[in-house]
Amino acid sequence: MKGGDNVSNHNPKISIIMPVYNRQETIKNSIFCILNQSYTNFELIIVDDASTDNTSAIILSFEDERIKHIVLNKNVGAAAARNIGIRQSKGDWISFQDSDDYWEPDKLRKQVELINDRSPSIIFSSFIRYKYGSEEYIPRGRKYVNLPKEGNLHNQLLLGNFIATPTVLIPKTFLEKVGGFNEQMPRFQDWELWLRLSAYYPFIWIDEPLVRVHYTENSISSDMSKMIRGYELIWNLHKKMFVDAGPEYAAQFLFSYGHNLSLAGDTRKGRRMLFQSMKYYLFSSKQVICLGLSFCSPMLYRIMYKLYSGQGYSM
């Protein structure tokens, strides 16, 4: 863990990066919650990813010198848009906002207070996720009982992502060191970045939901094919990370990969991943159950998964 990049001061300028594409219904509220922050030393860089609706006009209706509006001529995707915003930023610290999410008014202030006390670390908070009419507090539950409030979170992140992009505050030098977001990732761009960052830098966790995140059917996180490709790329890029951490980490990742392949209909490839998972480490009976189900039709696999989940079990 390398903590030598000290970028702390008592009133740092924060650069908030917001990529946006065709969000005329939600962009106004997302901007308002930034402008209403109790901590005011920031710039808001809105990267309009070639929107074709009224998004740009809504952004231009705000008269605030802290807003910087960048309009792209072609759609490049959220990861590339964020990287453009990072390169244009003037602050020493970077935060991210999505065009349909909400920050609590003291979000930045509470994070900046920790910069003064504990820097340099990546500071993130818990969040509320709204999905299919329900809400979930993340991270919370048995899985995160032993999650430390600060320090090295690399191994915990190898087991899955629990950090939402809008919750983080990161020293710009950290992002420059690891290269920013991977623009080839169709999904899990945030998780893949945290994996690289956590190999070098510590984290501080504010166990308070300072951000409200909305999951929608047209969001990137709802596309199954992109999720499968995301798993594939993470394994190809970071297999050594998982294996070096221990066989149980590789096994957990390959189980999730194989299980989601099977849910997506590719039970043959899913079976191979599930079998590899068991070869690394047998950590649960669900590996055996899912491997057996992978010999069934994809429809039967999905039906059995729903029945299994309905009994309160988690895959």
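Leaving aside its neighbours within four places in sequence, with which residues is Ile170 in contact? Select Ile170 and display its surroundings: Asp92, Trp93, Ile94, Phe96, Ile122, Leu175, Trp194 and Leu197 are in contact with Ile170, contact meaning heavy atoms within 4.5 Å. The model is a predicted one, in which local features need pLDDT of at least 70, side-chain atom pairs count only at pLDDT 80 or more, and totals for chains, interfaces and linings use all residues. Residues are numbered from 1 along each chain as its sequence is written, and side-chain values use heavy atoms, with hydrogens and water left out.

**The nonpolar cores**

Next, select Ile14, Ile31, Phe96, Phe162, Ile170, Leu197 and Phe253 together. Of the 83 residues in the largest nonpolar core, these touch the most other members. A nonpolar core is a set of buried Ala, Val, Leu, Ile, Met, Phe, Trp, Tyr and Cys residues joined through side-chain atoms within 4.5 Å. Buried means under 20% relative accessible area, exposed over 50%, and partly exposed in between, with a 1.4 Å probe and protein chains only. A second, separate core has seven residues, among them Leu263, Leu274, Leu291 and Tyr301.

**The whole chain**

Zoom out and colour by secondary structure. The protein chain has twelve helices and ten strands; these are DSSP runs numbered from the N terminus, helices being H or I of at least four residues and strands E of at least two. The radius of gyration is 20 Å, close to the 20 Å that the globule rule gives for 315 residues, so the protein chain is as compact as a globular protein of that length. That radius is taken over C-alpha atoms, and the globule rule is 2.2 Å times the number of residues to the power 0.38. Along its principal axes, the C-alpha trace spans about 60 × 45 × 35 Å. Of the 315 residues, 51% count as buried. Among contacts in the chain with a separation of 6 or more, 75% come from residues 24 or more positions apart.

**A covered helix**

Select residues 78–88, which form helix α3. Eight of the eleven residues in α3 are buried, namely Ala79, Ala80, Ala81, Arg82, Asn83, Ile84, Gly85 and Ile86.

Move to β6 (residues 122–131) and β7 (residues 134–138), which run antiparallel and are joined by five bridges; two strands pair if DSSP finds at least two bridges between them. Tyr130 has Glu135 in β7 as its bridge partner. The two strands form a hairpin with two residues between them, and Tyr132 in the turn has a positive phi of about 55°. Continue to Ile138 and Pro139, which are joined by a cis peptide bond with omega of about -5°. Pro139 is found in the loop between β7 and β8 (150–151).

Most residues other than glycine have a negative phi, and most peptide bonds are trans.

**Two further positive phi values**

Select Asn22, in the loop between β1 (14–20) and α1 (27–35). Asn22 has a positive phi of about 50° although it is not a glycine, and is partly exposed at a relative accessible area of 23%. Then select Phe188, in the loop between α6 (172–178) and α7 (189–198). The phi of Phe188 is positive, about 65°, although this residue is not a glycine; at 12% relative accessibility, Phe188 counts as buried.

**Buried or exposed?**

Where is His238 found? Select helix α8 (residues 224–245), which holds His238. His238 is buried, with a relative accessible area of 8%. The side chain of His238 makes a polar contact with the side chain of Glu192 at 2.8 Å. A polar contact is a pair of N or O atoms within 3.5 Å; within protein, one must be able to donate a hydrogen and the other to accept it, and residues adjacent in sequence count only if both atoms are side-chain atoms.

Select Ile163, in the loop between α5 (154–158) and β9 (169–171). Ile163 is buried, with a relative accessible area of 1%. Finish at Glu65, in the loop between α2 (55–60) and β3 (67–71). Glu65 counts as exposed at 82% relative accessibility.
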